[in-house]
Each structure stands twice: as C-alpha cells, then as structure tokens.
Amino acid sequence: MQKPLEHYLCGKFITEGNWSHMKRSMPVHEVILMLEGEMYIAEEDEQFVVRANDLLFLRAGRTHYGYQVSDAPVSFYWVHYDSIVKEFDQYPTHATIQVPSTANQLFKQLLHSSSFSPEEADAALLLLLKELERNTQAGYRPHNAIVDHICKWVDIHLHTDITVGKIAETFNFNKDYISKMVKREKGIGLKTYILTERIRRAKQMLLNTNASVKEIAGQCGFSDYKLFLRMFKQYEGNTPTEYRNNLYSTQLNRL
C-alpha cells in the first residue's frame, strides 16, 4: 500500500558560484528552501528568481531547469517526496517564508532523521511540510515572541497589583507602545487583556474550588472587592455567586 506521504531523498546543496540548475523532470515533488544567493530556475515556461528564505515547490512530472548562471555562492535545503494526499501538493510554486528559523530547524531535523529510518524521515517530513503550509497561507501571521513573553508574565503575576506601567517598566517599553503591541497580537490592549485574564481565572476558581468569592477576588488581583463584582457582572452578565450556582443546576446522569 502506498504511503500518504513518503520521503525519498533530502540534502543541503552548496556551490561557490558559476552554477545553474540541471534540466530534468522527476516522478516526485521537490521542495527547496533557499539559504543564500540567487537561483535562476524555470518550471516549464515560467521563470523564477529564488532568494534567501524563499520556498520553491517543483511539481512531479514537470520540467525544470536553470535559465541563467548564478555567479555568487548559492546554498539551499532540498527534499524529494511523493504524496497521494492533495494537501501536500498544493503549495505555491514560489513564495517567501515568513518565519524561516522554524523551517530551517525542521529541515535540519529532517536531514538528521533521514539517516536513521524511513519512518522517522516520513515523520520529520510531515512536520516540515505542515510548517511550510502555515507559512505560505495568505492570512498567516507569525507569533510575536515578545508579546507571548509579556502575556506569560501577566499570567504568572495576575494575583499581584500589576499595571500597564509596571509591565512597561519591567520590559523596558513605553506604556502606549507596549499596549499597542499587545493589541496588534491579541486584538485588545494590555489593560483590557489583564482584566479579561483575571475574569477568566476567577471563573475557573468559582467552578473548581470552594474558596469564597472574596478570596477569589483577591487571588485574581482585585484589591477592590466591589470593583471585582461590578466587572464580573459586566463581562458575564451575572454575579460570581450566580455564575457558580449555575453549575449545580446542570443535570447529571447516573451510569
């Protein structure tokens, strides 16, 4: 039985220059991730200039060839594979990778895994192709590592008296800038993010602990109990006690 996805060969190509790609047509697909230089390559009658961090997807059965010599050094990762699953042959012929570091790491992992067993190579290839699929989607937006770090810090310190000013000082950013940065990633400003996370944690504690509502307010960073009650009702439409009691009206079935 043919595998849904099967790795054939992979490697890293390096040349010092004065090189052009050979003319050929292969029975399997090829993916190239450009690392350095410029490659001038055509598939059938369509010509491409492939530069660093570009993806080139050459489809099985089509003729591709170098149409111009690359004078400067060129290097790229490449992999040959076959697939009977359509999602692995729907890549654009030429695209720019938005997060090349991850794709680079996965290509290195593929080269490493391919020296052990076909099963490991197929698994590593699957991870690589999934990453390339995400990177070439029109609506793909890479994670902002700084925002992820800020949000994790907020989660750890939710029980304390944190403010936008304190967070900005901790991360050495301007208050307005750090809030706008979070809003670009999360869709809401930093102050609102802190509040919604506090309400989210309070809901978890209301349903999963026996702590009093006042204790929960304090453990979620609300020093003002009345403010907590007001904000909770504004966000959830009922009081914390009503929210907790709704759980006990849920019908449970005996097995």
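Trainee: How many bridges join strand 3 to strand 8, and which way do they run?
Mentor: Seven bridges join strand 3 to strand 8, and the two run antiparallel; strands here are DSSP runs of E with at least two residues, helices are runs of H or I with at least four, and both are numbered from the N terminus. This is a predicted model, in which local features need pLDDT of at least 70 and side-chain atom pairs count only at pLDDT 80 or more, while totals for chains, interfaces and linings use all residues. Residues are numbered from 1 along each chain as its sequence is written, and side-chain values use heavy atoms, with hydrogens and water left out.

Trainee: What order do the strands take in the open sheet?
Mentor: The order is 1-8-3-6-9, with antiparallel pairing across the five strands, where a pair requires at least two DSSP bridges between the strands. Strand 1 and strand 9 (94-96) are the edges, each pairing on one side only.

Trainee: And which strands does helix 1 touch?
Mentor: Helix 1 packs on the sheet against strand 1, strand 3 and strand 8, and its direction makes about 65 degrees with that of strand 8. Contact means heavy atoms within 4.5 Å, and angles run from 0 to 180 degrees between N-to-C directions of axes fitted to C-alpha atoms, for helices over the stretch in contact.

Trainee: Switching topic, which residues touch Leu 110, leaving out those up to four places away in sequence?
Mentor: Leu 110 touches His 7, Cys 10, Val 79, Ala 121, Ala 124, Leu 125 and Leu 128 on that basis.
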